Amino acid sequence: MTKSKRYIEIFENWLTSNTSIAPLVVFRIIFGALMFVSTIRFWLNGWIETLLIAPKHHFYYYGFDWVKPLGEYGMYAVFIGLAISSLFIALGFYYRLATLSYFLLFTYTELIDISYYLNHYYFISLVAFLMCLLPAHRSFSVDVWRRPSLFNSSVPNWTIALLKFQLAVVYFFAGIAKLNPDWLLDAMPMSIWLQAKIHWPLIGPLFAQQWTAYLFSWMGCIFDLTIVFFLLNQSLRLPAYIVLVLFHVITGLMFPIGMFPWIMILATLIFFSTEFHERVIMFIQSILKIENRVGIRANSVFLHGFKKKMLFSFLTLFVLFQLLFPFRYLLYPGKLFWTEQGYRFSWRVMLMEKAGTAFFYVTDPTTGKKGEVDNSQFLTLLQEKMMATQPDLILQYAQIIKKEVVSRGLENPIINAEVFVTLNGAGSKMFIDPTVNLSELEDGFHHKNWVLDN
């Protein structure tokens, strides 16, 4: 047997060997509770109405133009479903149904409008998907209370390793993305962001110093690239986690990134020892005065034969996808931050300060008469802001305009746009070819050669 095959066998044996179910249980409770709070927060902020119901048009992900909002009653019903599903996940109540429904409902909501894309929404969808596969309800759950035969005190290592891997992907790829000249050599866009905080009491003047921007930029890069390795080291785990908490608290206070810092702070607890998680469960039991009921150990958690091979094949493909998909930008020419082709779903968290202004014009091909489009008649302020810097949204907006003017009797309209974009504090530049008839172009994964070079 070759060394490589021997190492693969050792790794496979480790993946299938038993470990305590406690980390998986604690992660289930944390994930369900955080998603419940996030759902209620979204509702109370009025975002169901302002982001999903009120807009006249929505920008779709390529290939998902069929995903539409369900109207006022339908969207509120979706969020009721999200709240119930997340609460059921935390409780371990009808866990399989709850995880599947949460994954489907959340991903559906995420796909309604690309304008609201956030890396942590993508992360939540992925984790919700993984939770559908994991036996996180086999202990300390309502399901076990109802059916004691479900109980299992141990699970295969891969069930916990998979969640650690997903968290590692977020951090490590965020660090790789920061290995660019703007971030490291020019401290951009950190300099811009810190300048906006100079009014803060006591520490505000520090934000005006250029060295502070460089310090924040380099420390952010080093943190993302190394934090997972420190968390995996038992002797360094506690100080690393303290640094992690400080990092996310500071970023949460400085930037409007919602629940993301708190999700990462609590989710990374899964890197702690099984003894730690068992103590957490005992603490919750003591607070809620729950009797520790132990059922009969079940064997269905541990797959064998064909089912095991199928599962491992699927998980291998999932891992490979997570490792390769963020690098798809290499298939496109031009500067990534400028063209944004391959930018989404690659864990590029807060890497650029980009703003644009877009002027659209409709020309009658018969008479040559030309008129400017009032963007506010079609888009919300947030949609217009996102559209003005992203080529695929510019193209979609041109199709929205085309549909409107055709409905008014203008056949084969010529739609051009003058779009000016500034990136990381640089001067505003023409973003796309203003002579291109956008109404004739089709979206796709191909290179958009009508985007001008930066």
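Thr 363 sits opposite Lys 370 in strand E4, with strands taken as DSSP runs of E, at least two residues, and helices as runs of H or I, at least four, both numbered from the N terminus. This is a predicted model, where local features need pLDDT of at least 70, side-chain atom pairs count only at pLDDT 80 or more, and totals for chains, interfaces and linings use all residues. Residues are numbered from 1 along each chain as its sequence is written, and side-chain values use heavy atoms, leaving out hydrogens and water.

E3 and E4 (residues 370-372) run antiparallel and are joined by three bridges; two strands pair if DSSP finds at least two bridges between them. Six residues lie between the strands of this hairpin, and Gly 368 takes a positive phi near 80°. E3 (residues 354-363) also pairs with E5 (residues 414-423), again in the antiparallel sense, over ten bridges. Within that pairing, Gly 356 has Val 421 of E5 as its bridge partner.

A cavity here is a set of points, on a 1 Å grid over the protein atoms alone, where a 1.4 Å probe fits but cannot get out; lining residues have an atom within 4 Å of a point. The largest cavity has a volume of about 60 Å³, volume being the space filled by probe spheres set on the points, which are joined across faces, edges and corners. Its lining includes Phe 27, Phe 123 and Ile 263. Helices H2 (22-44), H6 (119-133) and H13 (260-267) each give two or more residues to that lining, and H2 supplies the largest share, five residues.

Key:
1 Å grid on protein atoms, 1.4 Å probe; cavity = no way out; pocket = protein on both sides within 12 Å on 5 of 7 lines; lining within 4 Å.
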